[in-house]
Amino acid sequence: MKRGISFKGYVGATAMAGMTLAALLPSAAWAAASLQEALSGGKATLDVRYRYEYVDQNNSLKNANASTVRSRLGYGSGDFHGITAYLEFENITAVGAEDYNSGANGKTSYSVVADPEGSEVNQAYLAWSGLPATQFKYGRQRIILDNQRFVGSVGWRQNEQTFDAFSIVNTSLPNMVATYAHLSNADRITGTNAEMRSDLLNVTYRGIAAGKLTGYVYLLDYLTSASQSTQTLGLRFSGATALDEAGKLLYALEYAQQGDYGKNPASYTLHYSLAEVGGTVSDITGKLGYEVLEGDGTHSVQTPLATLHAFNGWADQFLSTPAKGLQDVYLSMGGALAGVKLLAVYHDFTADKGGDDYGKEWDLQALKKINKTYTLIAKYAAYGAGAAAGKVDTSKLWLVGQLSF
């Protein structure tokens, strides 16, 4: 797997920072002891996830059977004059025969399961909290903003998405969280890099009783693929209002404008919108939503840094928005039965420009959290292709076992 920043580079930078701090402090002996305590008094984390994924497509490709294990081992240091460090390794290993196309194993006769084998530094950063209500972070890190529609970790895939970035989170104003990040690289789920000079600004205000209001500006400037460079400006409001002791009303509204940015040779302006309403009664939650990613036939709203699996169906048929855009009308219903969380989602897809039928999809999930350590998941997606989608009927099944310490 390719890496944007090497492990040796991170370790060298961390060690140099520690030695520089020790040299600046008045008592070398006291500083060394404190640094040792910070390094040895931290917390280790372990996360292991086994997943079986089956893919059946109505085409000439062989059905995919992917059995993989993802292992993550991390360590976060204690605090040393406001400075902490975190290092996390990640490994993805296939179990048994690789009867699937990972995108890197050359098995193109099979359907795709985008979980290539490999090892990498998933996170490695220094954080400083020396200013009131402010944290600075530098290095490879996980960045999740709002509901991950525009920026997320793609946590469903075995190799999650992290970023080589400098970030600042400030909470000094009442009920407000301001996040800024400058990205130099996206470490993608395929193990490849997307080099960029991108800036993210996200400000959330929670002082409204009915919910939270977020404004954001995302300036994505790709160094190796200028046609992907975009600027997105948006507003999001989401929240809940209690109806009585047993129920509450849920809602979300979002609007964004996206256009070309940086050295993108194109010139366009497109729009994103979301309206969602729902309710919870006696632990049963239902939602009805309408999401639009505008397209003009040549360009369309794209969200390449999003956790895309969480949107527009789990069969992952719309990871890239079609040129005519996408309208997604969806209905979800979830609850718990005998300690098992159940969720069902229905999607109806059409083109934003022209209204062509892009198909329909059913998604089903059962999740059992045995305790804080063990989780079991069974998940199924069935996509029926529309006449104008240029796609084929696709079914996917996942069986997951995960432990986290």
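View 1. Of the contacts (heavy atoms within 4.5 Å) with a separation of 6 or more, 57% are between residues 24 or more positions apart. This is a predicted model, in which local features need pLDDT of at least 70 and side-chain atom pairs count only at pLDDT 80 or more, while totals for chains, interfaces and linings use all residues. Residues are numbered from 1 along each chain as its sequence is written, and side-chain values use heavy atoms, with hydrogens and water left out. Look for 2 helices and 18 strands in the chain; helices (H or I, at least four residues) and strands (E, at least two) are DSSP runs, numbered from the N terminus. Of its 405 residues, 42% are buried, meaning under 20% relative accessible area with a 1.4 Å probe and protein chains only, where exposed is over 50% and partly exposed lies in between.

View 2. E98 is buried but makes no salt bridge, a term for a side-chain nitrogen of Lys or Arg within 4 Å of a carboxyl oxygen of Asp or Glu. K107, the nearest side chain of opposite charge, is 5.9 Å away; Lys and Arg count as positive, Asp and Glu as negative, and His and the chain ends are not counted. Leaving aside residues up to four places away in sequence, E98 touches N105, K107 and E117.

**View 3. R149 and E291, a buried pair.** The closest N and O atoms of the salt bridge between R149 and E291 are 2.7 Å apart. This pair links distant parts of the chain, 142 residues apart: R149 sits in the loop between β5 (134-141) and β6 (162-170), and E291 in strand β13 (residues 284-294). Both R149 and E291 are buried.

**View 4. D356 and K324, a bridge between loops.** In this salt bridge, the closest N and O atoms of D356 and K324 are 3.3 Å apart. D356 is in the loop between β15 (340-350) and β16 (357-369) and K324 in the loop between β13 and β14 (325-337), so the pair ties together parts 32 residues apart in sequence. D356 is partly exposed, at a relative accessible area of 27%, and K324 is partly exposed too, at 35%.

**View 5. K360 and D348, a bridge between strands.** K360 and D348 form a salt bridge whose closest N and O atoms are 3.8 Å apart. K360 belongs to strand β16 and D348 to strand β15, so the pair ties together parts 12 residues apart in sequence.
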